[in-house]
Amino acid sequence: MRRRELTTLDINDVSMINNSVLLKPTGKRSNRLIYFDDECKAFLEEYLKTRTDDNPALFLSSAGSRITRSTVYRIVTNYAGKFGIHDPKGHVHEKFTPHCCRLWYTPSLTVSTLS
């Protein structure tokens, strides 16, 4: 999932019955249906129980508005830095951004489903 796809998710895009998310249409994606496992479902259910607002966005910032692309970037690079795999002042191969995460994670999913 791309950052823009993540930030545009609404609560009604999530199906807890099918463990799936239907992404908004974009020119870069033909398959908009993404599945998640039971662990992710449990997290989402607990997260949604804590929501007391009427905002349709699935993920909110601390200010209560929809998260932005830069919010996703800050979260990913912050945790990657804590794990020692992101150097904000390093060369491109020393940085771990949301795009790097997506490029790393997608092939690992493919390999795990083939095993």
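How many bridges join strand β2 (residues 20-22) and β3, and in which sense do the two strands pair?

## Basis of the model

The model is predicted: local features need pLDDT of at least 70, side-chain atom pairs count only at pLDDT 80 or more, and totals for chains, interfaces and linings use all residues. Residues are numbered from 1 along each chain as its sequence is written, and side-chain values use heavy atoms, with hydrogens and water left out.

## Strand pairing

Strands β2 and β3 pair in the antiparallel sense over three bridges. Pairing requires that DSSP finds at least two bridges between two strands; strands (E, at least two residues) and helices (H or I, at least four) are DSSP runs numbered from the N terminus. Ser-20 has Tyr-35 in β3 as its bridge partner.

The order β1-β2-β3, with antiparallel pairing, describes an open sheet of three strands. Its edge strands, β1 (14-15) and β3 (33-35), each pair on one side only.

## The loop between β1 and β2

Asn-19 lies in the loop between β1 and β2. Although Asn-19 is not glycine, its phi is positive, near 50 degrees. Asn-19 has a relative accessible area of 10% and is therefore buried (buried means under 20%, exposed over 50%, partly exposed in between; 1.4 Å probe, protein chains only).

## Helix α3 and Ile-75

Ile-75 belongs to helix α3 (residues 69-82). Ile-75 counts as partly exposed because its relative accessibility is 46%.
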